[in-house]
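Here are my notes on the model, as numbered points. Please read them with the structure open.

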Amino acid sequence: MATLRSVAFCTAISHHPRSLAGLPSGAIQILRSPFNGKPLRIPHSRLAAPRKQYQSSRLTIMMMAKPTIQFIQGTDEQTIPDVKLTKSRDGTNGVAIFRFEEPSVFDSSSEVGDITGFYMIDEEGVLQSVDVNAKFVNGKPAAIEAKYIMRTPRDWDRFMRFMERYANANGLQFIKK
């Protein structure tokens, strides 16, 4: 599951109203959290410039999630894949093939359910594919191969942003052949 440190920090504030003592009234904005349904109390910065009364003040919080790959929603794949990319000459489409040797999903699939697809999750959202094939050796699962197809330059750019985040988080590097 993705790590959301900002939410944990804000939730801790909402449970300790005494920690907010000394702030001027109206210095707290209550936000709804989709993670646990509890209101979050976030103090406004004391250094913020005064705003006109007709403008609403908004505080933007960006949640940074560790990029992950999942085959069963909610269960992160621990095995780092070998990824092969191809792109058309005109740059309009491409294919990414992920190969996982002895993936951890085989260890937990009997406990949490069946493989439902291929999900690449980061702070921008989810990229998914249903083109997933398991490879068996002597009747035992040995590998998974998943294919993600990018049909537009926009899909390619989004995929590359995910891969850059995933590579940085897992110590991967790009080798052009």
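Is Ile-149 buried, partly exposed or exposed? Ile-149 counts as partly exposed, at 37% relative accessibility. The classes are: buried under 20% relative accessible area, exposed over 50%, partly exposed in between (1.4 Å probe, protein chains only).

1. Basis. This is a predicted model, in which local features need pLDDT of at least 70, side-chain atom pairs count only at pLDDT 80 or more, and totals for chains, interfaces and linings use all residues. Residues are numbered from 1 along each chain as its sequence is written, and side-chain values use heavy atoms, with hydrogens and water left out.

2. Ile-149. This residue lies in strand β10. Helices (H or I, at least four residues) and strands (E, at least two) are DSSP runs, numbered from the N terminus. Leaving aside neighbours within four places in sequence, Ile-149 is in contact (heavy atoms within 4.5 Å) with Gly-94 and Val-95. Leu-85 is 64 residues from Ile-149 in sequence. In space, the two C-alpha atoms are 10.0 Å apart.

3. Nonpolar core. The largest nonpolar core has 20 residues. Such a core is a set of buried Ala, Val, Leu, Ile, Met, Phe, Trp, Tyr and Cys residues joined through side-chain atoms within 4.5 Å. Ile-69, Phe-98, Phe-118, Met-120 and Phe-159 have the most contacts inside it. Two or more residues each come from β3 (68-72), β6 (94-101), α2 (105-112), β7 (118-122), β10 (140-150) and α3. Helix α3 gives the most, with five residues. In soluble globular proteins, nonpolar side chains tend to be buried together.

4. Phe-159. This residue is buried, with a relative accessible area of 0%. Which residues does Phe-159 contact, leaving aside its neighbours within four places in sequence? They are Leu-85, Ala-96, Phe-98, Met-120, Leu-127, Tyr-148 and Met-150.

5. Aromatic pairs. The structure holds eight aromatic pairs. Rings of Phe, Tyr and Trp (its six-membered ring) pair if their centres lie within 6.5 Å; planes under 30 degrees apart count as stacked, over 60 as edge-to-face and the rest as tilted. The Phe-98 and Phe-159 rings have their centres 6.1 Å apart and their planes at 85 degrees, so this pair is edge-to-face. Phe-98 lies in strand β6 and Phe-159 in helix α3, so the pair ties together parts that are 61 residues apart in sequence. Phe-98 is buried, at a relative accessible area of 0%.

6. Phe-100 counts as buried at 0% relative accessibility. Phe-118 counts as buried at 0% as well. One aromatic cluster is formed by Phe-71, Phe-98, Phe-100, Phe-118, Tyr-148 and Phe-159.

7. Salt bridges at Asp-122. The structure holds eight salt bridges. A salt bridge is a side-chain nitrogen of Lys or Arg within 4 Å of a carboxyl oxygen of Asp or Glu. Asp-122 and Arg-158 meet in one (2.7 Å, N to O). This pair links distant parts of the chain: Asp-122 in strand β7 and Arg-158 in helix α3, 36 residues apart. Asp-122 is buried, at 5% relative accessible area. Arg-158 counts as buried at 11% relative accessibility.

8. Asp-122 is in strand β7 and Arg-165 in helix α3, so the pair ties together parts that are 43 residues apart in sequence. Arg-165 counts as partly exposed, at 22% relative accessibility. Arg-165 forms a salt bridge with Glu-124 too, at 2.9 Å between the closest N and O atoms. Glu-124 counts as partly exposed at 37% relative accessibility. Which residues are linked in a network of salt bridges? They are Asp-122, Glu-123, Glu-124, Arg-158, Arg-161 and Arg-165.
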